[in-house]
Amino acid sequence: MKNKYENVPHLGDKHRENINEKADVQSIKQAILNNLFYNLARLPHSATVNDWYLAISYTIRDMMIKKWVNSVQEITEDIKVVAFLSDEFLSGPQLEMNIINLDVYSEVSQAVQELGLNLNEIKTAENEPGLGYGRAGSFAASSLDSLTTLGIPAIGYGIRYEFGQFKQDFQDGWQIEKTDKWLSSGNPWEILRGDISYTVNLGGTTQSYYDEHNNFKVKWTPKFAIKGIAYDIPVTGYKTNKINLVRLWKTEAIESFDYDAFNMGDYLSRLNEKIASESIGKILYPDDEPYLGKHLRLSQQYFFVSCALQDLIRLHLLRWKNIHSFSDSFAIQLNSANPAIAVAELMRLLIDEHQVDWDRAWYITQNSFSYTNYAVVQEALKKWPLPIFASILPRHIEIIYEINKRFLDEIWLKYPNNNEKLSRLSIIDENDQKYVRMAHLASLGSHIINGISERHTELLKENLIPDIFELYPERFRNITGGVSHRRWLLLSNPELAELISGTIGDKWIKSFNGIKQLEAFSNDPGLIKKWQEVKFKNKNKLADFIKRYNGDSIDTSAIFDVQAGRIHEQKRQHLNLLHIITLFNRVKKEPSLNINPRVFIFSGKAAPGYFIANLIVKLINSVAEIINKDPDVAGRIKVIFLPDFNVEKAQIIFPATDIAEQISTAGKESFSSSHIKFLMNGALSICTINGGIDEICREIGDDNYFRFGLSPQQISEKKTNGYNPMEYYNSNSELKDAINLISSGFFHKKDPALFKPLIDSLLCRDEQMVLADYQSYIECQTNAEKLFRDKKTWTKRSILTVAGMGYFSSDRMISEYNNLIWYASTS
């Protein structure tokens with residue numbers, strides 16, 4: 001058999017050459033081979049797919065280096081830089097995005113092809129970074145993409161988790177969790193900065209004293225200390241000379257090997273200390289229900305913000321500036337209340353380490369920080385039990401007490417004898433067990449507080465932190481969320497992107513507002529036909545993926561009805577299931593019933609310790625097992641649960657979706673970034689009244705989505721007046737039949753009572769108003785099915801939906817952050 005690499009030059013005989021950021025095909029080929037040989041010590045004939053992935057990735061990284069070094073150098077110059085503090089970054093695979101941003105896609109594709117490789121196959125070797133899962137991580141990743149594209153200097157700070165959240169699989173229909181070893185095959189995008197490390201103290205005691213100048217001082221004697229080591233990952237922007245970075249901190253023991261301890265026979269105890277130190281950065285989002293989980297989670301959050309702030313102070317002082325002007329150098333964004341301990345840590349660093357007086361330190365702190373809130377209910381506002389907090393951070397609790405005392409003294413002067421208001425405003429919650437309210441700390445320590453949709457921001461003002469709004473209304477802003485259209489349309493849906501560019505030009509890629517021009521072509525028969533063809537290809541792609549993944553065959557002419565994201569009672573996957581079971585019951589009663597074929601696709605993870613969510617996972621899989629095999633259904637209803645939802649899978653699912661389910665309880669969502677990604681790919685929305693819906697309605701038009709259910713106000717009224725879910729159960733025969741079918745054990749004959757806890761929660765409490773919204777949801781689904789039969793009108797509305805998505809780009813979002821909050825330099 002002929003060796004396809006026999007004409008490749010002997011790499012050892014060729015000097016290694018630098019590759020420019022814009023290179024020709026031959027140079028890229030040679031650079032790939034050089035990286036394979038010099039970085040990986042591999043020859044082409046013995047290289048694995050992962051070897052080729054690494055070699056190509058190193059080549060692309062080499063093309064970034066000059067821009068990256070120049071951009072990093074800017075950080076030490078006299079410009080204002082955004083520092084984005086987030087404990088997660090849901091960045092997704094990097095290779096293809098970086099190739100697109102560097103504008104070398106055709107050259108790289110051809111070079112890879114000439115090497116006898118398939119770029120699509122190579123991409124599958126990339127492990128998705130285990131650095132994020134939720135909405136805050138999605139916003140963080142999109143924010144860095146847009147910051148770079150818009151030429152705004154920025155550093156994202158987070159944790160270099162050794163393991164991601166978990167890999168989800170199913171066993172007998174139940175979710176099982178496996179370790180996400182995302183670093184096991186190497187991460188070619190990161191660069192170790194071993195010279196950038198900081199000590200982080202934990203536990204111990206404090207001692208106050210007066211120095212020789214009679215200044216009050218506090219000495220913190222920690223119980224133990226860990227070290228944070230910097231790893232940098234470049235963030236490319238679209239066709240720009242700027243490259244920003246995400247700086248992630250890896251935990252290490254202060255001393256990896258203690259020779260004295262080893263010689264004295266005490267090495268095992270010191271080894272245990274090392275293991276304990278390094279466990280802090282092991283895993284994304286450890287379960288924080290048990291005591292040890294809370295201890296680990298708080299330690300994680302403090303660890304990375306301490307490293308970040310020490311790093312920012314170092315960078316500021318490198319500018320030969322006085323510490324008092326720190327807030328002129330950096331705009332620090334708290335991405336949720338998780339990193340809110342940064343407020344107390346900056347105060348500690350300024351007062352204890354840099355001898356800044358309290359008033360000046362507080363001025364610097366407030367002018368440095370701004371805070372994005374994501375919560376929608378009081379229960380979601382982060383707070384830590386005081387004993388745990390004080391045991392881990394004894395110096396910080398003293399600082400927080402002092403912040404709180406000074407603040408409440410001011411409030412007392414304004415509202416004398418109003419103890420209830422003081423109690424609500426206090427950073428320390430003393431209503432039951434004492435807690436530290438992190439959202440309060442973030443709000444008081446920041447000069448701007450923003451919500452992420454119009455409805456959510458009003459909720460902040462009126463329900464979540466109304467007393468703070470009453471005191472400081474000038475601090476509140478709304479900045480509606482957005483996502484990177486370059487990842488979630490240009491990369492995820494290349495054929496649709498090409499069709500759009502062929503219709504209105506490609507300026508929309510750089511400036512997504514231009515997508516509005518599609519409106520003028522929504523009635524164009526040629527565009528409608530091509531739009532349908534692209535959707536059909538995307539549905540075939542997803543169908544092939546599902547077939548390879550779990551062996552299920554699906555009808556690509558069917559409606560692809562998708563609900564993807566976290567499995568949670570609030571997300572109401574069980575409402576979706578009740579609709580599916582209702583359709584099933586209709587078909588069983590009348591086998592000849594004419595319904596449009598439907599493929600219901602679920603994907604998402606349940607928190608391991610969340611019993612009801614895990615029971616919902618089991619129910620979805622049990623319903624799928626019965627319905628998919630039923631001869632009367634004959635493929636007209638298909639239920640698929642794709643495990644281990646992540647960015648890579650989302651990039652296949654979103655472009656193929658016809659109906660996107662955003663059916664959370666009204667008023668319980670601040671903003672759904674996933675839903676925007678669905679709509680950006682032409683799905684039509686079935687939705688409730690939640691954060692972002694007002695903006696969506698305004699941008700895409702009332703005719704182009706399906707809304708159902710009670711409003712937040714109606715829900716509040718019903719609960720106030722004594723909501724009784726049994727009334728809905730008894731008065732709606734189809735609802736009753738669906739619930740009874742689950743209760744009967746039909747979907748789990750081995751244990752008929754398996755789903756009783758879920759049914760009891762619906763019939764006895766129904767906190768998420770599933771039964772109250774059921775009929776409205778069924779009618780909404782019927783209307784959607786009716787419209788789907790009119791392919792031309794459906795496609796027109798899909799085009800108009802995409803045309804209305806310009807407002808939801810993270811470019812617009814970041815521009816607003818910079819114009820209203822950060823005032824950072826631009827290039």
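Predicted model: local features only at pLDDT ≥ 70, side-chain atom pairs only at ≥ 80, totals over all residues.
Just after helix H30, Asp766 takes a positive phi of about 50°.

**Asp811 in helix H33**
- Asp811 is found in helix H33, which spans residues 810-822.
- Asp811 counts as buried because its relative accessibility is 7%, under the 20% cut-off.
- Its side chain makes a polar contact of 2.6 Å with the side chain of Ser146.
- Leaving aside residues up to four places away in sequence, Asp811 touches Ser146, Leu150, His485, Arg486 and Lys510.

**A three-stranded sheet**
- Strands E12, E14 and E13 form an open sheet in the order E12-E14-E13, with antiparallel pairing.
- Strand E12 (383-385) and strand E13 (428-429) each have a single partner strand, so one side of each is left without a neighbour in the sheet.
- Two bridges join E13 to strand E14, which spans residues 435-437.
- Across this pair, Ile428 stands opposite Val436 in E14.

**Salt bridges**
- The count of salt bridges comes to 50.
- One of them joins the side chains of Lys29 and Glu114, at 3.3 Å from N to O. This pair links distant parts of the chain, with Lys29 in helix H1 (residues 25-39) and Glu114 in helix H4 (residues 105-114), 85 residues apart.
- Lys29 is buried, with a relative accessible area of 15%, while Glu114 is partly exposed at 42%.
- Arg42 forms a salt bridge with Asp51, and their closest N and O atoms are 3.0 Å apart. Here Arg42 is partly exposed, with a relative accessible area of 33%, whereas Asp51 is buried at 8%.
- The side chains of Asp232 and Arg247 meet in a salt bridge of 2.7 Å, N to O. Asp232 lies in strand E8 (residues 224-236) and Arg247 in strand E9 (residues 243-253), so the pair ties together parts that are 15 residues apart in sequence.
- Both Asp232 and Arg247 are buried, and they belong to a network of salt bridges that also links Arg193, Asp311 and Arg314.

Terms used. Residues numbered from 1 in each chain as written. Heavy atoms only, no water. Pairing = 2+ DSSP bridges. Helix = DSSP H or I, 4+ residues; strand = E, 2+ residues; numbered from the N terminus. Buried < 20%, exposed > 50% of the residue type's maximum accessible area, 1.4 Å probe, protein only. Polar contact = N/O pair within 3.5 Å; in protein donor to acceptor, adjacent residues only side chain to side chain. Contact = heavy atoms within 4.5 Å. Salt bridge = Lys/Arg side-chain N within 4 Å of Asp/Glu carboxyl O.
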